Amino acid sequence: MQSSDLGGREEGRIWHRRPSPAAQQGVIVNIIHSTSGYHSKTVRFLNVAFSSSGDSLLAGDHQGNIYVFDLTSNRFKLVQRTMQACTALAFNLHRKTEFLVALADYSVKCFDTVAKELVSWMRGHDSSVSSISVHCSGRYAITASVDTAQLWDLDTFQRKRKLNVRQSVGIQKVFFLPLSNTIVSCFKDNSIFAWEFDTLHCKYQLPSPVEGSSLCYKVFAATRDGRVLAAGGKSNHLHLWCLESRQLLRIIQMPTKVRAVRHLEFLPDSFDGGANQVLGVLSQDNIMRFINIRTCKLLFEVGSHEEGMGAVAISPNGRYLAATMENGSLNIYSIQTLTHEVNKPPPPLFKVIDESSRGKSDARKLTMKVISGRTEGPWKSKGAQLQTKVLRPQPDESHEDKENELPDGLNKKRLQALLQGFGEYPAKYRLFVWRSLLRLPENHLTFSSLLDKGTHLAFVHLQNEYPIKSRKLLRVLQRTLSALAHWSSIFGEMPYIPLLTFPFVKLFQNNQLICFEVVATVIVNWCQHWFEFFPNPPINVLSMVENIVAHHDKELLQHLMSYNITSQVYAWPLLETMFSEVLTREEWLKLFDNIFSNHPSFFLMVVAAYVMCSRTPLLRCNRKEDFEFFFHHRNNLDISAVIKEAYHLMECTPADIHPRRMLEDFVPLTKGQYPIFNKYPEFIVDYQLKERERIRRDEIEYLRERQLVHEIEAKAIERRVEDETWYRKQELLQEAEEQRRKLLLEEEEKLAEQRRRLAAVKRELKVKEFQLLEAARRRFLKYQQDQREMELKRLDDEITRKASMRDQETATTVQDVEMRQMELESQRRLFEQKLVKEQETVTQKVKGDLDTSRQKADIENHLLQRLIETKEDKEQKAQRLAEECLAKADQEQIEMDWQARVLHKQSRDDLDREACYRELAKLLRDNKTTEAELLDTMKREEAKKWEEVQEKREQVAAEQAVAAALEANRRRFLEHEMQDALDLAVKLQDEDGYFERLRDLRASQSGQGLAFHQTPSKTQTQPGNVCLNDSSPADSSVPFSFDRQRQHLDARERELMSEVRQLRQKLTSQVRTKQMPQPEAQWCN
């Protein structure tokens, strides 16, 4: 095989010497793309596509490299690097240098192979694009993904239409039919629709597949003329649809090793007019098989298990086939060379199981067996048909010619001649020859109906009677026997039917239909007259064997009869087991090659020959057990000699005792339905069936009653066990109760002892707790005393500091008052000057206002004069005089109003000042009265508290009489504390007197300040002149600085008094706390 490595080259030659595909199984060249470096690897090719002419090939790898291979000029060229894997390619656009590529980012791009540039970028898919279909004109394309299909205009690269489907349905494929304007859409629910390209209206929908078919469509292919559509999926069936009649044309069954179909493509032919007959089928084993859809013959295969195929493309001219391989390389095959391989004889792998145009009822009538044989020469498409000659009998032919005619092009005479020459058929073709000799009808539907009836009651427990290790073999044997029993009821009553069937089941276990039909054919032809004496062995058939032995070997028969050995001992075991017990597999196959190739009587001749060829050991046997052992076990006997003897007996046996006189010629099974088999005593079989049914019912009733008895016994045993268990539990409970009672008594004693110990420990802990509490109380009292002393000391310091600050503030206040008097004097003078200036300003302003008003009046008069110029002159003079008088009156009124407002303002200010002074004096008097009342109240409260303290002290002294020593110490401590408190209170009272004297002094000073007040008088000689009387400095100082300082001192005084009251209340509460007994417990939140 010639191989070409692209390496890092961007262009070059594909092959370097002339390819010879005939010597390389049709492979022209194998192309690989390897990368050099530290880690060398092979870049895998993913997709291929041919141009419309078929001479150029486009291939893309998983790194995004796109190559063009020109097979005519033997050149390749790297046309684009997309940097991501491609999922689909199309190279048959109307512009020959352009191609479409679908990438992993769900986009579709168009590139030019000559310019190596991007032509257009088409987006719109949300999932990977699985296929690209181009219209026959090359101007439109359909890109399909799982959820949508989109129609593109390749001239403008605009999307024309979009096909959306439900997520539960999904799209399998959408494509153009070749050379037509029809779009076919195939969905995951096996529905197929055809759409008109111009209007996008639905033309038709194909009907549902045949009932019972489990094929789920996944891949599709259409012929060049668009008349036939092939569909396949995860099955070994292919459906061929006729798109003109819109009916299922044919169902093709692939061999059993094909489990799924991955790709379908028709092989073009220039002489078939577009009605392609050769279909390429790529299965899951990566082998592509090409079959003729009309004759269903295998033409050739491409690929192998070692070199599997991935993506496949066939050139439109039918010359080349390109395929990506499992190892990542690209193979290019010559189809002309591959078609020469048709001369090889293929095995019978393909058959038509349904060919109908009217439905399921017609399918059974048109079911036909596919002709499988070799062609007369190299395969060539001619006239859209592959001619295969099949010999058919003429009405005037002889019976011998009819007997020699076999299906699939075989001839019985030639097979017999081959058998006589070699003694057996080739192992590779033995089963094929048997199926031809037996003319099996392969009635799939009928056999399926027999299997659908399930396992026959006679063979439900077959594994108990015949324990076979292989579960598969046992299952096939059970199904075959059940099908026979359902076909004819006698086979469910025959005890030896498993022995008769087993060798054929073991041979055909992979094809149950063939197995059943072979057994049925053997029973119908080679087991004639076996069942006439049912349930006894076939006496008539055994008599034939005995007559043959008596005629050819009387001595042997006499020996057998002398020991009472009948034909049921030496012939019946061989017949009922079909020689499977006495022969090996190879000997048995060789024997049945001859049995199936001859008349049914040959089987009885073989039995007689086996007995006669074994005469030497049989003549030495003298016990019945020895004879039985001989015919049930293998012996050292040459099967060729037995077959030769059987042929000799066939020729030498007289006609009056020859089995051929009693047995009919071979009759194959009928097609469509199996023949009726009733060659047995029906009354006996029916009686046995009834008896078996009765026995079965009795057995079921017995089993039911036995089950009921078992259930009653089980319930009785269960009840007895429950009673015994209950009594045992009661005994155990009583014992446990006694033990628990003893344990409780012991625990109670231990608990009482522990309680006594706990009480002693509690007493000790209580004493210790009292001691600790006493120590803590003493420590706390000492701490309180220390804190109280520190607090008193702090208060003394604070009072001293505040007294000194009070003196300093008083001196500072006196100085401030003097300075304030001086400031007030200066301010008074400045105020007088300011008042004079303001009066002058007001006068000037009044004059200006008067002038303005005069000017306005003049302007108004002038305007009025201008308005009344047309009036009489007398009226003008009178009006002018009236205006002048009115102006004078207005001026006088304005002056008088201004003077009245000034006087009113001065009087109002004087009244406000006098009211303020009276309010201040009243406030001072009220403050003094309130302080006196507060002092009296505090004294009364203090006396009352002292009385309460005295009462509490007496109560505490009475209660603590027991602890005299401790109470004496505590009393002395309390008396000492109280004495300190009294001293502090006296001192505070003295300080209160000092504060009161200071307050009185301030009040007297404020009264003197009020006495100096005088009300100013104002005189006005002329409008605009104001005079302000002189006043003493004391008069002006009272409402300014001294009053503000007095308010500040009063505030400070109130703060000091409140602090003194708080200290007194704190001392009183502490004294009460000392005298009151402390409780032992407290409530906590």
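In this predicted model, four strands form an open sheet, arranged in the order E26-E27-E28-E29 with antiparallel pairing. Strand E26 (261–266) and strand E29 (298–302) lie at the edges, and each of these pairs on one side only. From one strand to the next, the twist averages 20°.

E26 and strand E27 (residues 278–283) run antiparallel and are joined by five bridges. Across this pairing, Phe266 stands opposite Leu279 in E27. In a regular strand, side chains alternate between the two faces of the sheet.

A further antiparallel pair is made by strand E12 (residues 108–112) and strand E13 (residues 118–122), which are linked over four bridges. Here Phe111 stands opposite Leu118 in E13. E12 and E13 form a hairpin with five residues between the strands, and in this hairpin Lys116 takes a positive phi near 55°.

Helix H15 (residues 585–596) meets helix H16 (residues 601–613) at an angle of about 140°, and their axes are 8 Å apart. Angles over 145 degrees would count as roughly antiparallel, so the angle here makes H15 oblique to H16. On the H15 side, the contact is made by Leu591, Asn594 and Ile595, while H16 contributes Phe602, Phe603 and Val606. Sorted by class, the contact of H15 with H16 has five nonpolar residues, one polar residue and no charged residues.

The protein as a whole has 23 helices and 33 strands. Of its 1085 residues, 40% are buried. Among contacts with a separation of 6 or more, 60% are between residues 24 or more positions apart.

How confident is the prediction, on average, and what share of the residues score at least 70? The average pLDDT of the protein is 80, and 83% of the residues reach a score of at least 70.

Where pLDDT is low, the predicted coordinates should not be read in detail.

How values were computed. Residues numbered from 1 in each chain as written. Heavy atoms only, no water. Pairing = 2+ DSSP bridges. Helix = DSSP H or I, 4+ residues; strand = E, 2+ residues; numbered from the N terminus. Axes fitted to C-alpha atoms, helices over the stretch in contact; angles between N-to-C directions. Parallel < 35°, antiparallel > 145°, perpendicular 65-115°, else oblique. Contact = heavy atoms within 4.5 Å. Nonpolar A, V, L, I, M, F, W, Y, C, P; charged D, E, K, R; others polar. pLDDT = per-residue confidence, 0-100. Buried < 20%, exposed > 50% of the residue type's maximum accessible area, 1.4 Å probe, protein only.
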